[in-house]
Amino acid sequence: MVFQDWKTAAVTPIHKDGPKEDVRNYRPISITSLVGKVLERIVRDQLTDFLESKKVFPSTQHGFTVRRSCTTLLTGLIDTWTAILDKKSGSHVHAILLDLSKAFDRVPHSRLLSKLQHCGIGGEVLRRLGNFFTGRTQYVKFGGACSAPAEVLSGVVQGSVTGPLLFNVFVADLPKDTSCGFEQYADDTTLWREVCCPDDADALQVDLDHVFIWCENKGMQLNQRKSYVMDITRARAPLYFEYTIDGEQLQYVDKQRLLGVQFSSDLRWDVQTDAVRAKAVQVLGFAARNLRGCTQRVKRVAYLSLVKPILTFGLPAWHPTTQANTMKMERVQKRALRFIHGRRPPPPQEANIMPIKMHLAYSDLIFFKKCEGGAIDFNNRARITVRRQLRGDGNDRHQRLQPPPAHSVFGQHAFSFRVVQPWNDLPQELKDCTVAEFPSLFKKHLWQVYSESDQ
């Protein structure tokens, strides 16, 4: 039996986007019992092992799964889309970015229990799980005031340990009847297909209808207001077809945010660069105002923990690509160095903060090495082949890699292309080391290359 205190949550509303006056633009995060979370963690780890052994979760799900993340989803999507557009001039990829309205809060408890039972979970475990997420109460806490408690009739708890896992179980069969490209991060769903003719658009609409029917049958709701279509292309003339959800036409957009990255329909990264630069400058300004009298060590920690992650989030997926965009990010870091060290900051190596250009290579190969070592569940060699052995390669324990074909500079910016040459050029000991050893050794190698090129 679960103690009632473990089934009571204090809900804190977190603003997502849109007008702050609209309550629909807030994400409800539940603050639950700390003791209950300890038990949840034990249950979650056991359930995860069991469900993964049963292969319950589809390969399309990247959210709240082991060794997967926003970066794995984005890297795979962008690399694939770039290859399609580079292969044939004038190609079009139509991507439908779907939003499930209040998905975590709408999960019907009876259907979730039925799905858990279908996955092989039964007996006392199923009974205790049912007891945990049914009969719950919650109250809203905001600005120091608390509302009256209310009974929770549906949903998995956002803010709990087992909630994300249970949600993944509930949506595991969503991509079952789809034939087009399909990627999920929890409830964020992306349908896509290369579109050359009306038949391709019809196939994409059929999959969209499948998703809509699934939502209707499972008690979920597609949010047409926040679902969009993008015509991803480098062609001058757009290619538009009508896509609908329950008879309501979806709106085309030229740019849209997906998992923290600003996409443009031409897969250029000017908008994303400007967005991360603006946000990084804002946070850096906040730190500078509040840490003016602190030591260099405190300021350095503030930059590396609060500002630089904004600049470098998801870099294996997107890339500044142009010198102008790289310099925009570099100027933010130079401003940060002046904040840390004063008007005359030391050289980058002495400050031990990698320049942005160096960090681009660092993040690419760190991601690639983790894939090679199994620390990340991502097929990093989907488009990369092994090169035929050449003279001088005989003693090389690691065969040299061959990048995928690239018909333009645009194609060379894809992750699968740009990571090959730097990997081939690595010293043997770096390729042989473990995933845990690689970051420090590779960073040391990069600084050595940087100092040699600077002389």
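A: Helices here are DSSP runs of H or I with at least four residues, strands are E runs of at least two, and both are numbered from the N terminus. The model is predicted: local features need pLDDT of at least 70, side-chain atom pairs count only at pLDDT 80 or more, and totals for chains, interfaces and linings use all residues. Residues are numbered from 1 along each chain as its sequence is written, and side-chain values use heavy atoms, with hydrogens and water left out.

Start with helix α9. It spans residues 296–312 and bends by about 35 degrees at leucine 304. The bend is the angle between axes fitted to the seven residues ending there and the seven starting there. Buried residues of α9 include Lys299, Ala302, Tyr303 and Val307. Lys308, Ile310, Leu311 and Thr312 are buried too. Buried means under 20% relative accessible area, exposed over 50%, and partly exposed in between (1.4 Å probe, protein chains only). These buried residues pack against α8 (270–290), α10 (323–341) and α12. Contact means heavy atoms within 4.5 Å. After α9 comes glycine 314, with a positive phi near 70 degrees.

Now the residues other than glycine. Phenylalanine 64 has a positive phi, near 55 degrees. It sits in the loop between α1 (34–53) and α2 (70–87). Its relative accessible area is 44%, so phenylalanine 64 is partly exposed.

Asparagine 352 also has a positive phi, near 60 degrees. Its loop runs between α11 (348–351) and α12 (356–373). Asparagine 352 is partly exposed, because its relative accessible area is 34%.
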